Amino acid sequence: MHTIILNRLLQMVPVMIGISLITFAVISLSPGDPAEITLRATLGTESPPKEAIARLHEEMGLDDPWYISYMKWASRVLHGNLGYSYQTKRSTIEEIAYALPTTFELAFLSIIFSAATAIPLGILAALRQNGPLDHLCRLSSIISLSSPEYFVAIVFMLVGGIYLGIFPVAGTGGIEYFILPALTLSIGLSAVTMRIMRTSMIETLEQDYIRTARAKGLSRRIVIQRHALKNALIPVLIYMGTQFGWLFGGAVIIESMFALPGLGRLLVESVSSMDIMVVQGCILTFAAIIVLINLGVDLAQLYLDPSIRDQGE
Amino acid sequence: MKKKEGFLFILLAFVVMGAGCTEQEQQEELQTLSISGQWSPNTIDPHQSGYIAQRLGYAETLVGVNYEGKIAPNLAKSWEVSDDGKNWTFILREDVLFHDGTPFTAGIMKNSLERSLVRSESIFEKIPISAIEAPDDRTLVIRLESPFPALPAYFSKAESVALAPGSYDEDGNVLKPIGTGPFSFESWKPEEEVVVVKNPDYWGQTASVDKVIYRIMPEALTRKMLLDSKEIKIAMILSPEIAEEYTEKDGYTVLQQPIARVRMLGFNTEREPFDDKRVRQAVNYAIDREAIVTYVLHGYGTTAAGLFPTGFYWANKEIAPYTYDTEKAKSLLEEAGWTDTNGDGTLDKNGNPLKITLITYPERAELPSIAEVIQQQLKNVGIDTELQVLNVDAANSLRNQGDFDIFLVGRGLLFVPDPDEIMMTDYHSSGTSTDGWGAYRWYNESVDGLLEEARTTSDMAVRKELYDEAQAIIVEEAPVAYLNYYVNIDVTTSDIEGYRLHPTEYSLYLENVSIV
């Protein structure tokens, strides 16, 4: 077990190096002069002075060969220095630390909403296979998956915020400001989770041990609750775990729409102003979160499913 | 024991009831105005980035900008320049207090300016300042190494606001900006909101509302939703599509204002066909500017004749616009030697068809659509146009390399409310030969001379004449084709009175706004 964990941890190293190289390359290959763009954004003028551009070039190491720029940058990152935002003059770490809790809260609430709707509906759909509820669930999954987040956000704003007037349309404050964005973000995840829950439950109900339990005369409710549910939930939980990281990605659009000051919005705004160090910091943070979550899910799977653990060892 | 508990309970009940009453009373008394825009202050320090401080009115500059885009007295009552143009004397207002009660003096203004010259990085780099002096509390003297008539205009830039000494911590960083404006700064949550409260001791018109909450919402659609749900009373910078919804909806007012930004074509005057003035003029005649405003901009725009919208002081209002005249365009092209010899619909000269490339970018969403309309309109006079829509930086790179024929751009005009900066950068040969987004590699001796003279003249009326003349030559020589001016669209709920958009977005002047 320890060997597996160590292996997984070591596998993360090249993945992170790869990601850092790609991040660095994407930014370096972007058209336009980052120093000029930065000055244009910070000075509010479209023709920043040439001397200022030259000074910033030097400061940002833009005139060095790419591998030297990369090594300089990577070494700074390893020392916990992700540089400074040219927009706000604050450190990138500070910017990310400010934004991360919002995104985390949003993603966490979305997972809760997804689980709260998708798991019971998935179970019911499985138990009433090919019945009207099952068809309805299938139809709603298709609609949810084919609706762009942008559109869903507008619908929720209109319904929840304007017509019903229950939730604030956008902005920040208490937990109520997270309800509409979290619901929007949870829609896509719910659709897939519901389908997985349904399939997994159907498969579990066909297992021999369930038949044995039924043969022993246990009630349907007890068979489902005590025997089937635990096993049927494993793939669902693993799927939701892996999706937690992707919810961070989904937050990019949702946070801008609902004006939540999270990591997604920070990324969008830093990309539009070419605030390079913040862009790099955000992408690395997103990547690190996804890699860490995948690692956590792998380890949880090892713990929950002894057959995989045995194969590994 | 029971008696004591009973007494405590009654006392507690009174406290709770009392607190409730006070809160209720306060809510009734305080009038809060919630507004929303896309801009987010990057920092709390106005000397680094001050436009939000200036727009929300919690910090002020020496010089203001009026609704014609012309500089006007503000914290400085008046100013004059010495005959050699090197010494500027500003006379400051006497009745000004900072929000913490500190009297506003020339000494504090001097310190503020000196700090802003350093903190704002290169905004004030162009000004050749040699010394700032405060001989007495009401007089501020700026000594220059060489004449610089645009100096007062630069001092209307938000980064030069006056801040009280109490604004800074021991290291000289701004803890809380304490300015002189009609509102005082209360709080800021990055990317979320800025809250300001009324300054009852303001030297000018005191505000009607007690508090303003400025909510930062990057998406125009979100601002619209907030307006619909009545969470805000003013939604700034909406798109024409969104604004159209409100024109016939009860309970809302749509406001629009041409701002200092022009959509224009820049020609590559370095190579054929646009090295020929007649071809440049032909394109000017071939474009139906009215149609672009009506169909692409949904009517939210005004057609352009010269560089500045006519509401601005610096606009040459005498300039006659290029009319839409395809016959005139065709005859000019023919004069320049372009005729359709093989009858394929595209003009040609010496066996070369008149094929050009037009570059633009989608960051300003309407530009690609305008480019398509222009492509069609140029086809009507026999010019075959290939469109290249690239991101703004890639488009700009191609432009700087000269790898284009026409460049379609939305150009900001009065970041500094004086024509010097924009005209030197975009139309003087020192600017057109290097960068700028206006005329490309274009050189005109008369324009160069006029702009240089305007740089060294202190008399504003004389400068206006010089700039008028330069603008007229530019339109006649047509190194560019001005298409239309940007219009800012704000929508307010109809209980808002006194809100007026400013053409340079200098200030929101919320002290004039009341909720009826």
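Tutor: Start with helix α9 of chain B, residues 326-335, whose buried residues are B:Ala329, B:Leu332 and B:Leu333. Their directions cover an arc of only 100° around the axis, which puts them on the same side of α9(B). The arc is taken over the directions from the helix axis to the C-beta atoms. Buried means under 20% relative accessible area, exposed means over 50%, and partly exposed is in between, with a 1.4 Å probe and protein chains only. On the other side of α9(B), B:Glu327, B:Glu334 and B:Glu335 are exposed. The buried residues pack against α7 (277-286) of chain B; contact means heavy atoms within 4.5 Å. After α9(B) comes B:Gly337, with a positive phi near 100°.

Some ground rules. This is a predicted model, in which local features need pLDDT of at least 70 and side-chain atom pairs count only at pLDDT 80 or more, while totals for chains, interfaces and linings use all residues. Residues are numbered from 1 along each chain as its sequence is written, chains are lettered from A and ligands numbered from 1 in the order in which they are written, and side-chain values use heavy atoms, with hydrogens and water left out. Helices (H or I, at least four residues) and strands (E, at least two) are DSSP runs, numbered from the N terminus.

Now take α14(B), residues 445-456. This helix has 12 residues and reaches 17 Å from first C-alpha to last, close to the 16 Å expected at 1.5 Å a residue. That expected span is 1.5 Å times one less than the number of residues. Buried here are B:Val447, B:Asp448, B:Leu450, B:Leu451 and B:Ala454. Seen down the axis of α14(B), these buried residues fall within an arc of 165°, so they line one face of the helix. The face turned away from that buried side carries exposed B:Glu445 and B:Thr456. The cover over the buried residues includes α12 (419-426), α13 (429-432) and α15 (460-477) of chain B. At the start of α14(B), a side-chain oxygen of B:Asn444 comes to within 3.0 Å of the backbone nitrogen of B:Ser446. A polar contact is a pair of N or O atoms within 3.5 Å; within protein, one must be able to donate a hydrogen and the other to accept it, and residues adjacent in sequence count only if both atoms are side-chain atoms.

One more helix in chain B: α11(B), residues 392-401, holds B:Ala394. B:Ala394 is buried, at 18% relative accessible area. B:Ala304 is 90 residues away from B:Ala394 in sequence and 27 Å away in space, C-alpha to C-alpha.

On to the strands. Two strands pair if DSSP finds at least two bridges between them. Strand β10(B), residues 211-216, has five of its six residues buried, so it is largely enclosed by the rest of the structure. Strand β1 (32-37) of chain B runs parallel to β10(B), joined by six bridges. Within that pairing, B:Thr32 has B:Lys211 as its bridge partner. Strand β9 (193-198) of chain B pairs with β10(B) in the antiparallel sense over five bridges. There B:Val194 is partnered by B:Tyr214.

Elsewhere in chain B, four strands form an open antiparallel sheet in the order β4-β5-β7-β6. The edges are β4 (76-81) and β6 (129-136), each with a single partner strand, so one side of each is left without a neighbour in the sheet. Neighbouring strands are turned by 20° against each other on average, direction ignored. Between β6(B) and β7(B), residues 139-144, there are five bridges, and the two run antiparallel. B:Glu133 stands opposite B:Val141 in β7(B). Helix α3(B), residues 106-119, lies across β5 (87-92), β6 and β7 of chain B, at about 160° to β6(B). Axes are lines fitted to C-alpha atoms, for helices over the stretch in contact, and angles run from 0 to 180 degrees between N-to-C directions.

Chain A is another matter. Chain A has 13 helices and zero strands. Its C-alpha atoms fill a box of roughly 85 × 60 × 30 Å along the principal axes. Of its 313 residues, 47% are buried. Among contacts in chain A with a separation of 6 or more, 72% join residues 24 or more positions apart.

Last, one residue there. A:Ser270 lies in helix α11(A), residues 263-272. A:Ser270 counts as buried at 4% relative accessibility. Its side chain reaches the backbone oxygen of A:Leu266 at 2.6 Å. Leaving aside neighbours within four places in sequence, A:Ser270 is in contact with A:Asp275, A:Val278 and A:Val279.
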